Amino acid sequence: MFETSFKNIDDRLHKDAGCSSELDYVEQSSWILFLKYLSELEKDKKDEASIQGKEYTPLLEEEYSWESWACPKKPDGSLDHNKAMTGDDLIDFVNGKLFPYLKKLSPKENGDVGIASKISVVFEGLRNKVESGYTLRDVLDEVDKLK
């Protein structure tokens with residue numbers, strides 16, 4: 001399953017004008033996979049806190065969570081096409097809001113000071129090279145299928 005998903009992602013990135021080499025495919029799929037992983041980690045921490053009767057403050061503001069910008073869902077779990085950005089809207093959000101936010105991510109009072117700092121440092125050295133918001137939408141949808 002993973003092998004097929006990664007091949008599909010590489011095939012889509014290969015067709016994008018901004019991704020010209022295998023290194024670009026790896027870099028671009030890595031930041032996307034990282035944000036998907038971070039979303040899953042945040043869900044686990046929230047569930048753990050709930051079980052312990054505690055509050056959990058997410059590391060990322062709601063607007064920047066995977067479920068808000070990358071793959072918003074309907075109540076039945078399918079992609080909400082009315083809320084999902086694509087095309088220029090998606091590229092503008094990623095380049096103009098998401099990356100600047102992640103580069104300036106500051107620690108919250110939830111014990112994740114190290115994670116926030118590391119995310120900030122990592123994203124300081126990255127840039128989105130995917131030029132087509134339609135390609136990026138396809139990649140996000142493919143990554144969202146991964147568990």
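This is a predicted model: local features need pLDDT of at least 70, side-chain atom pairs count only at pLDDT 80 or more; totals for chains, interfaces and linings use all residues.
1. The buried residues of helix 6 are covered by elements that include helix 1 (2–14), helix 2, helix 3 and helix 4 (87–103).

2. Helix 6 is largely enclosed by the rest of the structure, because nine of its twelve residues are buried. These are Gly-133, Thr-135, Leu-136, Arg-137, Val-139, Leu-140, Glu-142, Val-143 and Asp-144. The list of buried residues thus includes Arg-137, Glu-142 and Asp-144, which count as charged.

3. The length of helix 6 agrees with expectation: at 1.5 Å a residue, its twelve residues should span 16 Å, and its end C-alpha atoms are 16 Å apart. The N-terminal end of helix 6 is capped by Ser-132, a side-chain oxygen of which lies 3.1 Å from the backbone nitrogen of Tyr-134.

4. Arg-137 belongs to helix 6 (residues 133–144). With a relative accessible area of 7%, Arg-137 counts as buried, because the cut-off for that class is under 20%. The side chain of Arg-137 reaches the backbone oxygen of Ala-70 at 2.7 Å. Neighbours within four places in sequence aside, Arg-137 is in contact with Trp-69, Ala-70, Cys-71, Leu-79, Ala-84, Met-85, Thr-86 and Leu-90.

5. One of those contacts, Thr-86, is located in the loop between helix 3 and helix 4. Thr-86 has a relative accessibility of 31% and therefore counts as partly exposed. Not counting residues up to four places away in sequence, Thr-86 touches Gly-133, Tyr-134 and Arg-137. The C-alpha atom of Thr-86 is separated by 22 Å from that of Leu-38, a residue 48 places away along the chain.

6. The largest pocket holds about 310 Å³ of space. Its lining consists of 14 residues, and those nearest the centre of the pocket are Glu-42, Pro-58, Glu-62, Ser-65 and Glu-67. By class, the lining divides into six nonpolar, two polar and six charged residues.

7. Helix 2 (22–51) and helix 3 (66–69) each supply at least two residues of this lining. The most is given by helix 2, with six residues. Helix 2 and helix 3 are also among the elements that cover the buried residues of helix 6.

Methods. Residues are numbered from 1 along each chain as its sequence is written. Side-chain values use heavy atoms; hydrogens and water are left out. On a 1 Å grid over the protein atoms alone, a cavity is a set of points where a 1.4 Å probe fits but cannot get out, and a pocket is an open set with protein on both sides within 12 Å along at least five of seven lines; lining residues have an atom within 4 Å of a point. Grid points are joined across faces, edges and corners, and a volume is the space filled by probe spheres set on the points. Helices (H or I, at least four residues) and strands (E, at least two) are DSSP runs, numbered from the N terminus. Buried means under 20% relative accessible area, exposed over 50%, partly exposed in between (1.4 Å probe, protein chains only). A polar contact is a pair of N or O atoms within 3.5 Å; within protein, one must be able to donate a hydrogen and the other to accept it, and residues adjacent in sequence count only if both atoms are side-chain atoms. Contact means heavy atoms within 4.5 Å. The expected span of a helix is 1.5 Å times one less than its number of residues.
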